[in-house]
Amino acid sequence: MANFLFVLSKDSNESATRCMQFAKIAHSKGHHVDMFFIDGGVTWADKDRDLSQNTDTGDCPADYLPYLVENEIAIGICTPCAKARRIGEEDLIEGARLGTAAELIHLACDAAVISL
């Protein structure tokens, strides 16, 4: 099976929904999945964020995130990106943790990277 790294870089409902959907599908097919949120994408790791806004296709991040959390998919959050948006470790969704650029590069070395 393959290794996938899904990188979310936008504060966009559509991008967040697709990122989480693709991660769920890849994992459910037996692939190893990691996620990393950078830039505006880190706002999707805030546990108080509303994840129920539907996209034009009718789905939303809340449709996929519970699966990712249940299956302990690692979600790295860019530390300086989060701090710039006043998001601390205590604000993160379950399964997410602050990480570094070096960790992102390490994950990318052996994975197919999909950036949204």
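**Strands and their pairing**

Modeller: Strands β1 and β2 are joined by six bridges and pair in the parallel sense. Helices (H or I, at least four residues) and strands (E, at least two) are DSSP runs numbered from the N terminus, and two strands pair if DSSP finds at least two bridges between them. Before we continue, note that this is a predicted model, in which local features need pLDDT of at least 70 and side-chain atom pairs count only at pLDDT 80 or more, while totals for chains, interfaces and linings use all residues. Residues are numbered from 1 along each chain as its sequence is written, and side-chain values use heavy atoms, with hydrogens and water left out.

Biologist: Which residues of β2 are the bridge partners of leucine 5 and leucine 8?

Modeller: Leucine 5 has aspartate 34 as its partner in β2, and leucine 8 has phenylalanine 37. Strand β2 (residues 32-37) also runs parallel to β3 (residues 74-78), to which four bridges join it. There, methionine 35 stands opposite isoleucine 75 of β3.

Biologist: In what order do the strands form the sheet?

Modeller: The order is β4-β3-β2-β1-β5, an open sheet of five strands with parallel pairing. At its edges are β4 (96-99) and β5 (112-115), each of which pairs on one side only. On average, and ignoring direction, neighbouring strands are turned by 25° against each other; axes are lines fitted to C-alpha atoms, for helices over the stretch in contact, and angles run from 0 to 180 degrees between N-to-C directions.

Biologist: Which strands does helix α1 lie across?

Modeller: Helix α1 (residues 13-28) lies across β1 (3-8) and β2, and runs at about 170° to β1.

Biologist: How many residues of β1 and of β2 are buried?

Modeller: Buried means under 20% relative accessible area, exposed over 50%, and partly exposed in between (1.4 Å probe, protein chains only). Five of the six residues of β1 are buried, so this strand is largely enclosed by the rest of the structure. Strand β2 is mostly covered, with five of its six residues buried.

**Rings and sulfurs**

Biologist: How many aromatic pairs does the structure hold?

Modeller: A pair of aromatic rings is described by the distance of the centres and the angle of the planes. Rings of Phe, Tyr and Trp (its six-membered ring) pair if their centres lie within 6.5 Å; planes under 30 degrees apart count as stacked, over 60 as edge-to-face and the rest as tilted. The structure holds one such pair. Its rings, those of phenylalanine 4 and phenylalanine 6, are stacked because their centres are 5.9 Å apart and their planes at 25°. Both phenylalanine 4 and phenylalanine 6 are buried.

Biologist: How many disulfides does a search of the whole structure find?

Modeller: A disulfide is a covalent bond between the sulfur atoms of two cysteines; the criterion is a pair of cysteine sulfur atoms within 2.5 Å. The search finds zero disulfides. For cysteine 19, the nearest cysteine sulfur is that of cysteine 81, 14 Å away. Cysteine 19 counts as buried because its relative accessibility is 0%. Cysteine 109 is exposed, with a relative accessible area of 58%, and its sulfur is 17 Å from the closest cysteine sulfur, in cysteine 78, too far for a bond.

**Loops and contacts**

Biologist: Where does aspartate 39 lie, and what is the phi of glutamate 72?

Modeller: Most residues other than glycine have a negative phi, and most peptide bonds are trans. Aspartate 39, in the loop between β2 and α2 (65-70), has a positive phi of about 45° although it is not a glycine. Aspartate 39 is partly exposed, at 37% relative accessible area. Glutamate 72, in the loop between α2 and β3, has a positive phi near 55°. Glutamate 72 is exposed, at 72%.

Biologist: Which residues does leucine 68 touch?

Modeller: Contact means heavy atoms within 4.5 Å. Not counting residues up to four places away in sequence, leucine 68 touches Met20, Ala23, Lys24, Met35 and Ile73. Leucine 68 is found in helix α2 and is buried, with a relative accessible area of 0%.

Biologist: Is leucine 92 buried or exposed?

Modeller: Leucine 92 counts as buried, because its relative accessibility is 7%. Leucine 92 lies in the loop between α3 (79-84) and β4. With residues up to four places away in sequence left out, its contacts include Ala45, Ile77 and Leu98.
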